[in-house]
Amino acid sequence: MKLFQKIANWYFSKSATPYWVILCIDCLVVFFSGYFAYAVDYDIVRLVNHLGHVTLWVIPVLIPYLIFFRVFHTYSGIIRYSSFIDLARIAGASICAVAVLFVCGQLGGLLGLPAPSIKFCAVVFATTTLMMWLLRVAVKMCYDIYRTDENTQRVYIYGVREGGVAIAKSIQNQEPRLYRLVGFVNPEEKVSTKFIMGVQLRRVGPNLVKHMKDDKVKAVIVNPRNIEDFRERHDLINELMAADIKILVMQDAEAWDGKSDLNHGTIRHVEIEDLLPREKIEVDMEAIGKLLSGRKILITGAAGSIGSEMVRQVAKFKPAEMILIDQAETPMHDIRLMMAAEHSDIRALTIVSSITNKEHMEKIFSDHRPDYVFHAAAYKHVPMMEDNPALAVQNNIYGTRVIADLSVKYGTKKFVMISTDKAVNPTNVMGCSKRICEIYCQSLSKAIADGKGPKTADGSPAVTQFVTTRFGNVLGSNGSVIPIFRRQIREGGPITVTHPDIIRFFMLIPEACKLVLEAGTMGHGGEIFVFDMGKPVRIVDLAKRMISLSGAKNISIKITGLRDGEKLYEEVLSDEENTAPTPHKKIKVARVREYDYETAVHNEERLLEVSRTFDDMAIVKLMKEIVPEYKSRSSKYEALDK
């Protein structure tokens with residue numbers, strides 16, 4: 001068996017067999033079929049006794065076959081990649097050739113020449129077609145079974161419905177061959193067959209991983225159509241990782257149609273983001289498109305994790321103009337290059353500036369008068385803001401007020417602010433600063449609705465609707481825990497976790513941005529939308545799973561203690577709040593305590609003034625007065641709560 005495999009590897013490592021060789025083999029098949037048909041029509045003894053005469057009689061049989069081999073391109077394909085279409089071409093060529101042979105024979109019979117019988121033609125057709133089919137199927141089977149090298153991995157495919165068979169066919173046709181299919185995993189009960197494409201179909205159960213070990217499986221490829229089911233099977237995932245069986249998923253799975261061929265770049269090793277429990281999020285893209293298409297869109301914080309994804313998603317709807325603002329020069333240059341490469345038909349201005357620069361922001365609004373503003377700019381790192389409360393006030397709070405006021409002044413239709421779950425019952429400066437931003441935007445929206453708010457630049461009543469969106473951690477954002485853990489694993493550990501019981505909600509950046517856009521379309525002003533973040537994840541468990549997925553050995557987990565202002569768990573709604581449903585099951589409206597606009601303005605002015613003293617305790621003391629539910633935790637500001 002090993003000798004045969006070596007021969008097969010040698011053969012299939014060569015260039016495809018030349019077309020003329022395939023044609024010659026097919027011609028030999030026709031010759032044999034002619035001899036066989038003669039023997040069936042007459043007898044084998046007569047064939048042997050008149051072999052030379054029969055050969056001259058069989059040669060004309062080859063002529064129509066040569067013609068229709070050319071017409072149907074039966075020899076132009078690569079035999080080891082033969083498909084049903086190739087077999088159909090062979091059948092078509094054989095039918096046409098035999099039909100011509102029979103007609104010409106009957107015409108010759110009228111002239112007194114020997115004519116082939118219907119029986120002879122039928123046997124020629126059947127024998128030629130079957131032998132050419134068998135030749136191609138045999139070569140393909142040998143290629144599929146024996147074409148291996150040291151890089152070929154034995155794999156199972158998880159999921160047999162839409163897409164599973166397409167993946168199997170694609171990996172069999174890849175060159176070089178990286179995967180050899182040895183089994184399917186059926187996560188559904190309704191499939192009763194035991195074999196698919198000649199390999200075993202196994203059910204999910206306690207012995208599944210044992211069967212994989214017996215079959216010397218190195219990896220499992222997860223069908224994208226079954227990824228949600230797979231990520232819920234925590235025990236199976238843990239068993240696979242414990243058995244050192246790799247988990248492979250598809251790149252850009254959402255865009256795959258379940259039928260198209262794959263390439264080597266399509267299949268990749270699973271990342272921790274793929275395995276975190278979450279539901280697929282659907283949004284009304286048509287409604288969003290109607291809102292943004294042909295409009296002027298301004299995005300602050302456009303170079304950040306959320307802001308840059310907002311840029312990408314908004315650009316899909318072909319706005320008339322995009323005004324992109326961020327103070328980080330290099331990331332903004334990356335955004336500039338991305339827009340030029342992927343959306344060159346959209347007028348995009350990449351402006352390096354701070355939202356606290358009121359004069360510059362005023363000029364931008366005056367010149368461009370955006371229809372919609374997505375406000376993502378903010379200082380967001382909790383420990384940094386604990387040490388720099390003045391900057392939290394000046395950038396997050398005052399900067400938001402600048403953009404909000406200018407939106408009103410220059411007739412922006414809708415202002416969507418991106419907030420955070422840390423604004424609920426805040427325990428740190430950053431969370432409290434975002435809560436104060438929420439208060440200002442909501443009070444301003446109410447004042448406009450009541451006809452008591454500020455006017456536009458031309459003195460007409462304000463029309464701006466203010467909407468706030470509040471959600472938790474996004475996977476892969478700058479400074480988030482997953483990139484930090486990856487770096488620590490690369491460096492050999494340890495992975496640092498602040499507390500063994502700390503939990504967090506996670507959402508993918510694109511999913512969060514889709515919900516922001518959806519909330520923006522449904523908001524009428526004054527709402528604080530909260531997102532269903534799914535199931536919480538223990539950070540220690542997250543770290544353990546990342547270590548297992550990486551394959552790294554001897555990586556320890558070190559508990560460092562809660563950081564200043566850090567919670568054990570985040571909330572999306574405070575205890576005093578409740579929610580109202582919206583048309584989208586993942587989005588709800590928080591009912592929160594409302595503030596008077598004049599009071600909100602007065603508080604903001606006081607905060608800005610005290611922030612210029614850079615007196616940390618004085619600044620935080622005033623923040624606590626404005627937001628009474630702000631109780632510091634693991635922070636020097638706890639003294640202010642006593």
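## Helices that cross, rings that pair

Let's start with two helices: the axes of helix H12 (residues 285-292) and H20 come within 9 Å and cross at roughly 70 degrees. Here, axes are lines fitted to C-alpha atoms, for helices over the stretch in contact, with angles running from 0 to 180 degrees between N-to-C directions. Helices (H or I, at least four residues) and strands (E, at least two) are DSSP runs, numbered from the N terminus. That angle makes H12 and H20 roughly perpendicular to each other; the classes are under 35 degrees for roughly parallel, over 145 for roughly antiparallel, 65 to 115 for roughly perpendicular, and oblique for the rest.

A word on what you're looking at: this is a predicted model, where local features need pLDDT of at least 70 and side-chain atom pairs count only at pLDDT 80 or more, while totals for chains, interfaces and linings use all residues. Residues are numbered from 1 along each chain as its sequence is written, and side-chain values use heavy atoms, with hydrogens and water left out.

Back to the pair: H12 passes H20 in a left-handed crossing. Left-handed means that the near helix is turned anticlockwise from the far one by less than a right angle, and right-handed means clockwise. Ala 287, Ile 288, Leu 291 and Leu 292 of H12 make the contact with Lys 514, Leu 517, Glu 518, Gly 520 and Thr 521 of H20, contact meaning heavy atoms within 4.5 Å.

H20 (residues 509-522) also has a meeting with helix H13 (residues 305-315): their axes come within 9 Å and cross at roughly 65 degrees. H13 and H20 are therefore roughly perpendicular to each other, and their crossing is right-handed. On the H13 side, the contact involves Ser 305, Ile 306, Glu 309, Met 310, Gln 313 and Val 314; on the H20 side, residues including Ile 509, Pro 510 and Cys 513.

Now for the whole protein. It has 23 helices and 22 strands. Of its 642 residues, 52% count as buried, where buried means under 20% relative accessible area, exposed over 50%, and partly exposed in between (1.4 Å probe, protein chains only). Among contacts with a separation of 6 or more, 77% come from residues 24 or more positions apart.

Several residues of H23 are buried, including Asp 616, Val 620, Met 623 and Lys 624. The buried residues of H23 pack against helix H16 (382-387), helix H17 (389-409), H18 and H22.

Then come the aromatic pairs. Rings of Phe, Tyr and Trp (its six-membered ring) pair if their centres lie within 6.5 Å; planes under 30 degrees apart are stacked, over 60 edge-to-face, and the rest tilted. By this rule there are three aromatic pairs. One of them joins Phe 415 and Phe 466, tilted, at 5.0 Å centre to centre and 45 degrees between the planes. Phe 415 lies in strand E12 (residues 414-420) and Phe 466 in strand E13 (residues 465-471), so the pair ties together parts 51 residues apart in sequence. Tyr 440 and Tyr 597 form a tilted pair as well, 6.0 Å centre to centre with 45 degrees between the planes. Tyr 440 belongs to helix H18 (residues 429-449) and Tyr 597 to helix H22 (residues 597-611), so this pair links parts 157 residues apart in sequence.

Here is how some individual residues score for accessibility:

| Residue | Relative accessible area | Class |
|---|---|---|
| Phe 415 | 0% | buried |
| Phe 466 | 1% | buried |
| Tyr 440 | 1% | buried |
| Tyr 597 | 15% | buried |
| Arg 369 | 42% | partly exposed |
| Ser 634 | 26% | partly exposed |

Arg 369 has a positive phi of about 45 degrees although it is not a glycine, and it lies in the loop between helix H15 (358-368) and strand E11 (372-375). Ser 634, in the segment after H23, has a positive phi near 55 degrees.
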